[in-house]
Amino acid sequence: MPISSGRAGAPAPDAVSAPPLGLYFHVPFCSAICHYCNFSRGLLDEDLVRRYVDAVTAEVRRAPARFRWQPRQARVDTIFFGGGTPSLLDAADVARILDACRAAFDVTPDAEVTLEANPESAADPFLAGIRAAGVNRLSLGVQSFRPAELLRLGRIHDVAQAQRAVARARASGFENVSLDLMMWLPEQTVPQWLESVEAAIALAPEHLSLYMLELYANAPLRDTMARAQWSLAPDDDAAEMYEQAMARLDASGYRQYEISNVARPGRECRHNLKYWTDGEWLGFGPGAHSTLAAVRWKNVSATEDYVARVVAGASVETERRDLTPVERWQEALITGLRLREGLSLAAVAERYGVDLDARFGPDLRGFVEAGVAAREGDRLRLTRRGMLLANEVLRVFI
Ligand code: SF4
């Protein structure tokens with residue numbers, strides 16, 4: 001397969017035969033700002049939400065002409081509303097955006113359509129409305145099932161709201177629900193973390209994402225921790241949190257398919273898999289990233305700026321660059337090793353023209369001997385222990 005699919009601005013047949021695209025919508029509004037958050041978001045502003053929905057819908061409508069495709073020419077099999085807090089939109093807004101997608105792209109009948117929701121804004125009419133509009137996967141930002149931890153993180157929902165949100169999702173017809181949990185929180189012990197894991201398993205979601213808290217330099221949580229003299233558990237405890245949670249999830253019928261993600265068989269997040277398998281996607285909304293035909297770009301980040309540019313018919317694109325062949329194989333390696341199945345070295349050689357054994361042979365052998373990586377035929381993957389050390393392992397390839 002060639003390095004570039006040649007899809008951007010390509011004539012019709014190329015776009016039709018290319019693998020389906022993903023669409024990502026960044027919804028940059030939140031009811032409150034969590035103490036650890038480093039995402040692109042701002043506080044809810046109803047007037048700006050209205051203008052944002054108009055702008056993002058217009059950006060979608062213009063997409064075929066922008067890439068010189070016919071309307072409904074490019075196939076799309078995943079759509080993802082992330083944020084921010086997409087559940088702050090009205091269901092009618094989500095329906096409008098999805099209608100625009102179906103008019104601009106050939107959205108496959110079995111497309112995975114995910115919306116991230118916070119438990120406090122996952123109300124019945126909203127969930128029923130987005131389900132009717134075609135959203136078929138709900139990703140709930142639960143983070144913890146312990147009240148003290150939710151408070152420390154600055155989350156505005158409580159445990160009962162998280163549990164009710166799952167029940168409401170089921171009642172609204174969602175058969176694919178994912179929960180996000182965060183580990184290695186201030187003052188959290190291993191047994192306390194496992195309480196949240198057990199509470200999540202008890203709700204029987206199809207998918208779980210387990211993230212380790214990252215303390216950004218400017219996160220308010222850092223100051224709060226310093227004032228309250230809270231600390232993070234030692235690294236050994238963090239490793240134990242990860243390994244014990246994964247073992248418990250294995251025993252409950254979940255399959256780990258990526259460093260931070262487990263799913264019931266067949267319920268892996270197809271949209272996120274595009275990011276980890278050199279797929280292509282278009283991002284809409286402020287700050288959204290896109291990757292198409294070995295070109296990557298980002299939309300302007302500030303919501304007002306984004307809206308003003310769309311209204312003026314100007315480009316929202318910034319930081320556009322061609323990915324070099326070296327960047328492409330490095331990225332394929334880094335994202336491929338995040339996956340439990342790892343990657344095929346032969347496929348990397350064929351696709352990117354790089355012989356990783358010749359280039360990194362001693363390092364790869366060292367990783368295998370140290371038990372952080374495994375070789376099975378031509379496949380290379382990280383072991384579970386290796387996943388804990390992923391950053392150190394992956395650094396070798398850059
Ligand atoms: S809800 Fe999500 S995006 Fe919004 S402030 Fe909290 S962590 Fe950040």
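Reader: Which element gives the largest share of the lining of the largest cavity?

Author: Please bear in mind that this is a predicted model. A search of the whole structure finds 1 cavity of 30 Å³ or more. Two elements give two or more residues to its lining, namely helix 10 (270–276) and helix 12 (325–336). The largest share, 5 residues, comes from helix 12.

Reader: What is the volume of the largest cavity, and which residues are the closest to its centre?

Author: The volume of the largest cavity is about 100 Å³. Its lining is made up of 13 residues. By class, 4 of them are nonpolar, 3 polar and 6 charged. The closest to the centre are Tyr-275, Asp-278, Gly-279, Arg-296 and Glu-331.

Reader: Is the peptide bond from Gly-83 to Gly-84 cis or trans?

Author: Gly-84 is one of the residues around the ligand. Gly-84 lies in the loop between strand 4 (75–83) and helix 3 (91–104). For the peptide bond that joins Gly-83 to Gly-84, omega is near 15°, and the bond is cis.

Reader: Does Leu-394 count as buried or exposed?

Author: Leu-394 belongs to helix 16, which covers residues 390–395. A residue counts as buried when its relative accessible area is under 20%. Leu-394 has a relative accessibility of 8%, and therefore it counts as buried.

Reader: Is Arg-72 buried, partly exposed or exposed?

Author: Arg-72 is found in the loop between helix 2 (46–66) and strand 4. Although Arg-72 is not a glycine, it has a positive phi of about 65°. The range for partly exposed residues runs between the buried limit of 20% and the exposed limit of 50%. Arg-72 has a relative accessible area of 45%, so it is partly exposed.

Reader: Is Ala-294 buried or exposed?

Author: Ala-294 lies in the loop between strand 12 (289–292) and strand 13 (295–299). Ala-294 is not a glycine, yet its phi is positive, at about 60°. Because its relative accessible area is 12%, Ala-294 is buried.

Reader: What share of the contacts in the protein between residues at least 6 apart in sequence join residues at least 24 apart?

Author: The secondary structure of the protein comes to 16 helices and 17 strands. Of its 398 residues, 53% count as buried. Among the contacts between residues at least 6 apart in sequence, the share that joins residues at least 24 apart is 70%.

Reader: What is the radius of gyration of the protein, and why does it agree with a compact globule?

Author: The C-alpha trace spans about 55 × 55 × 40 Å along its principal axes. For 398 residues, a compact globule would have a radius of gyration near 21 Å, so the protein agrees with its own value of 21 Å.

Methods: Residues numbered from 1 in each chain as written. Predicted model: local features only at pLDDT ≥ 70, side-chain atom pairs only at ≥ 80, totals over all residues. Heavy atoms only, no water. Near = heavy atom within 4 Å. 1 Å grid on protein atoms, 1.4 Å probe; cavity = no way out; pocket = protein on both sides within 12 Å on 5 of 7 lines; lining within 4 Å. Points joined across faces, edges and corners; volume = space filled by probe spheres on them. Helix = DSSP H or I, 4+ residues; strand = E, 2+ residues; numbered from the N terminus. Nonpolar A, V, L, I, M, F, W, Y, C, P; charged D, E, K, R; others polar. Rg over C-alpha atoms; globule rule 2.2 N^0.38 Å. Buried < 20%, exposed > 50% of the residue type's maximum accessible area, 1.4 Å probe, protein only. Contact = heavy atoms within 4.5 Å.
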